[in-house]
Structure formats: C-alpha cells, structure tokens
Amino acid sequence: MTDGGPTDPRGATGSGSTVGGRYQLGELLGRGGMAEVRKGIDARLGRVVAVKRLRTDLASDATFQARFRREAQSSASLNHPAIVAVYDTGEEPAGDGVAQPYIVMEFVAGRTLRDILREGRKILPERALEITSGVLSALDYSHRAGIIHRDIKPGNVMLTPSGDVKVMDFGIARAISDAASSMTQTAAVVGTAQYLSPEQARGESVDSRSDVYSAGCLLYELLTGRPPFVGDSPVAVAYQHVREPAVPPSHHDSDLTPQIDAIVMKALAKRVEDRYQSAAQMRDDIERYLAGRPVTAVAPPPVPVDDPPTSVTAVVPTGNGVSETMVRQRPVPSDDDDGNRKPWLWLVLGLLVLALLAAAYIVWPQLFPDEPTDVQVPPVTGLEREAARDLLAEEGLGIEDRQRQCSDQYDAGYVVEQDPEGETYVEPGSEVALVLSSGPCDFAMPDVRGDVERVAIETLTNAGIRRKNISIAPERCDTDDPDGTVVSQTPEPDVSVGRDDSVTLCVSDGPEVVPPVIGLRQGEAERLIIEAGFQVDVREDSDSERPRGEVTDVIPGEGEELDQNETVTIFVSVFEEEEEEPTTSAPPPDTETDTDRDGLSDEEEASAGTDPNNPDTDGDGFRDGREVEEGSDPLDPLSVPVPGGGDD
C-alpha cells in the first residue's frame, strides 16, 4: 500500500505511537515517495486498520493540506468491495509542529500484483482477465463518483488470500495533482512511466479513459509478464506511450487469442476516442470473452512505422524546477513545396532530435533522482538477517541492523524494512539500515463468548492467533447456554496478547433434561434427578396400583429441558396389596417378634434405629429387612439396593 517514487524520510511518529487519539501504530507495511503506511489497532473498536500518513515536507504545503482533506473525504465515500475502504481521516502534529494528514483505511491481508509478477510465475489468461475485471469494476464505481485514480499499476492492486481484488490509493494521486498548482499550467507529469496514458505523458488534462489505458497496461503485463513498453529510462518509456504502437500480447505468448489481443489493443489506443469510453465498457467485453461470447472490440489499425512524425515529445524543465512532458507541434509542409526543401526538412528534424537528447540528458537527473547511478541496493526485506547481510556485503554496502520492530508478517530475526529500499541506486560503500523483526505484535484479545465453537476459532485466527494455540477445555462447562456455545475464555477479552499466546475456550454442555425415572423406585429416581442439577418434589399417587414406592409420573416430562436448580415433581405409588392373615398357630414363645413384618425383629430394629411399626422407615420403597440384607442404609432414602430389585 505504497506510492511509487523515491523513499521519503521517516516521519516523527513511528511504531508504538498513537495518532488521532485512538489508532495505535505498529509495523511498517510500505513506504513510497509520498507517504508511509503502518499497521494499526483502532483502540476504540478493537479492529486492525492501516494508517497512511503523508510526508512531512508535503504536509507543510497549506494548499496541499486543504485539497488532500477534500480528496480524503471523497475517497471515504467510495464503498465498493473491490476498493480498500477508508474509515477515517485527520491530522496529527509532527515533530516540527506541522499538521501531518493521515488516512485510516481497511487493513487487507494479501499481496500486491507487483509482488506476484516479480515471482515470475505465469498467470493464466482467464485469471488475468478476472483480475482486470475486478479492477475495472472498482474504476467504474469511482468514475461514476467523479474520482479518477490516475495511478493504476500492479503495486496499487492487491489480491486477498481468497483471490478477491482490492484497489488502493484512490484519491491520493488526484489530491497531489490538484495540489501542484502548476499542473494544468505547466503540464507536469503525474503517474508511473510504464503505465502512463499518452495524454498523461504529454501533461494534458485527463479523464476516466486515462484509467482505462492504465488498466490496459496492467492487463498486458498480467498476460505477458512485461509491460507494453520498456526502455532504458522513463523518458524513453513515456515517448513510446505517446508515439509507438504496442505489440499485441500474442507476440509474446502465442497461446493468447485474437479476441484477447483486440481487448488489450483497444484499451491501449493512443487516441482517447479509439479506446473503450468507460471502464464498464471494457469490463463488459472481458465478461463476454470469459462467457464464451464474441467481443465487441476491434483492434485499431497500427500506426505505420514509416510515417513522418508530426510532433516531437520532449522533457524540459519548468521555471519552478519541476520537469514536464510537452508535445510541440511541427508544421506540416504545404503541397506546393518543391523537392529542394527536403534536405532542409531533414536537417531540422535532425536538430530537433539532438535538442531532445540534450534536454533529456540535462533534466534527467533532476526529473528522476532515484534512477541508477552507482550501486543497486538489493531488496532484502523478508530475508533472514545473515542472508540479508551477505547480499549487501556482496555489493560493497555498509550495514546497520540494530533497530528492532514487532511484525505479524515476518518471524523474529527477519528483515521487516530497509532504507534505502531495494532496487534503488546509491554510492558505493553507502550504509543500508535494516529493521529486524522482534516477533509478532500484541493486540487486544477478541471477545468470543456467546459464539459457537467454529465461529469463535475463526474470529481468533483472523485476529492473528495461531490455530495450533487455540484449544478447547476437555471438560465442558455445566451451563444452560446452547450446546457448543463458548461461555468462558482464557485470557479474558481485551487483554493484550500475541500470535504465539495460548487460548483456551470452555464450551457449554447445553441445558440439562429431565432424566427417565418413571418405573424406577423412589430413591433411585431422586438420585438421578439431583445428579442432573434439579430439585426434587415427591408427591403420593394414591390412585396407582403400581407397587408401593414406584414412580408413576414426573412433571415436567422426561427429556424436557430445564434450567439448573428448577424443581422436578415425581409421583410415587402408595398402593399396598392386602395380605391374608396367617392360619398357622401362634409362634412358639421363643420366636422373635417382628411387628411390621419387614424382616427385622423388633429387637433388631431397635438396634438399627428403624421404626418397628413401619416396614419402610426411610420411605424409599424397600423394606428395612431387605436393605439391611443387601447392605444399603434403611434410614437413607438415597441409599437403595442394586437398581432393578424390589419387594415381591
């Protein structure tokens, strides 16, 4: 998320500081000629953002500040899935007291097309067209909102891990062009040379069709691996944009169809009238091709190479030191000129070419100060410290690597950023400053209580916590929350954590249900209900003819969900069969007396503490004699013989 251009000096506010009273700045995501972008945390909302701040020297221009604020507000109005969203904008006092504008944007995880193209991997034509279609969708939306991007290039287009397209830096290029008061007067060139439209290269006013041309350059590079025009210098590239016809993409890849050639060549037409008249038109043609339907584009005829030039493109310095691209029209000879004037014509053309070369030679170092002059700095960002030091040493460059910075992108000991940046040119022996990663940055622990387990884990991994560090407690929490819902987490929400910290989630086992107790003995039924977390209310069922002590009904019904400590009412039979009086004679005098006929003599009942006149002292449905025989307590209704037993 950086702008093209020379590396800007470090701002007064860096990693670890706060802007706007709420945005905590973290690792540097990118730096360009106009701004730097850092990862940040919105302390108020707890979300990850990207904070872009303008260079201090640009922020000191009052005109630039005012127009940048207006453009930032316009960018914030762009709400499109293929455009990096703008959340907030403001100003923060820099070290020298200058109000430094900043923009708070959506943080997008992914890589730019520039990074993907540098890997040298071939992009399938259909995928290249899909990516360009996404870019054109964003451009069409912004054009209808009255905003022209002016700097479409691979470095300003990101692909998310899911393959979605995100276009960056809307409004910034326009704000800068507006702020340069000499833009419309001196025709200063704004943009990146390899993706400039002809009208941009000439310093003329541009409209939405200029973005269409740049999108054509982008598609060309995605299809072929190289931009449509290359040269020894940006001046040479800009000249080709104005004067030279592009070679069809199929010249570099014979697998590309004539329909793809037609789409690309129409977007790259020199005359705006010959191009697609809107981003929507170009996107419609791409969608037709992807759907297998004929495209409407017809490639414009190539410019004949032997046509004498009617204009000369030259780069000359303006009065304020800013270089500009101009087109000077050369008069066309009249029909009545005789052949004797042709030698003079060739002489004039030769002098003009010499003047062009001389002007380019003089103003080139001022127009493009970051062009190679001495030793090229190798790009070492993302490399391990020793590997980076070896590469720099091979070029004879000095190394300073004492600075550390947290990074969620690079492991500890890897290079997070370098100054000067890679592929820039410096004097031999110059020192390159490296910032090494100290490990992941801390962030606020998200609150996932109330989420189901899958959603909670996804939220934590999206926040930056490694999946392997997230565990579920082996014992579920005994709560009435829905089954599978996270009810507690360790660490607690809003605690500062890092990517390598461990997180434990406790998941609810769900509401308890009334256990099946009908047909069980009273004591066993009470035990099951209490173990489920409920209170028990016992009622007698005098109408039932089930054996005494057996549960005949339960309210609420079996299997119904209840909150903890709710009351479950059971109905217990009190029915007793009438027993016939024995006809035998009275027992011998020495026989022990058993008044209640429970299997224990009155003397044994007195010793055990049971009631000699009640065969079931504890009311659990089992006679006192059987409980003593099988080892249960006849005085405890919850102590019963082996389940399934009972009195005959």
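Guide: A term to begin with: a disulfide here is a pair of cysteine sulfur atoms within 2.5 Å. This is a predicted model, where local features need pLDDT of at least 70, side-chain atom pairs count only at pLDDT 80 or more, and totals for chains, interfaces and linings use all residues. Residues are numbered from 1 along each chain as its sequence is written, and side-chain values use heavy atoms, with hydrogens and water left out.

Visitor: OK. How many disulfides does a search of the whole structure find?
Guide: Two. One of them pairs Cys 406 with Cys 441, with the sulfur atoms 2.1 Å apart.

Visitor: What's the handedness of the disulfide of Cys 406 and Cys 441?
Guide: Right-handed, because the torsion about the S-S bond is about 95°. The two ends are 35 residues apart, and the pair links distant parts of the chain. Cys 406 sits in the loop between β13 (398-405) and β14 (415-419). Cys 441 is in the loop between β16 (431-437) and β17 (443-444). Strands are DSSP runs of E, at least two residues; helices are runs of H or I, at least four; both are numbered from the N terminus.

Visitor: Is Cys 441 buried or exposed?
Guide: Buried, because its relative accessible area is 9%. The cut-offs: buried is under 20% relative accessible area, exposed is over 50%, partly exposed is in between, with a 1.4 Å probe and protein chains only. Cys 406 counts as partly exposed because its relative accessibility is 21%.

Visitor: Which cysteine is joined to Cys 477?
Guide: Cys 506, with S to S at 1.8 Å. The S-S torsion is about 125°, so this disulfide is right-handed. Cys 477 lies in the loop between β18 (470-472) and β19 (486-490), and Cys 506 in strand β21 (residues 503-507), so the pair ties together parts 29 residues apart in sequence. Both Cys 477 and Cys 506 are buried.

Visitor: And the pairing of the bonded cysteines, in sequence order?
Guide: It runs 1-2, 3-4.

Visitor: Switching topic. Where does Glu 550 lie?
Guide: In the loop between β23 (535-541) and β24 (551-555). Glu 550 counts as buried because its relative accessibility is 9%.

Visitor: What does Glu 550 touch?
Guide: Leaving out residues up to four places away in sequence, Gly 519, Leu 520, Arg 521, Phe 571, Val 572 and Ser 573. Contact means heavy atoms within 4.5 Å.

Visitor: Last one. How many helices and strands are in the chain?
Guide: The chain has 17 helices and 26 strands. Of its 648 residues, 44% count as buried.
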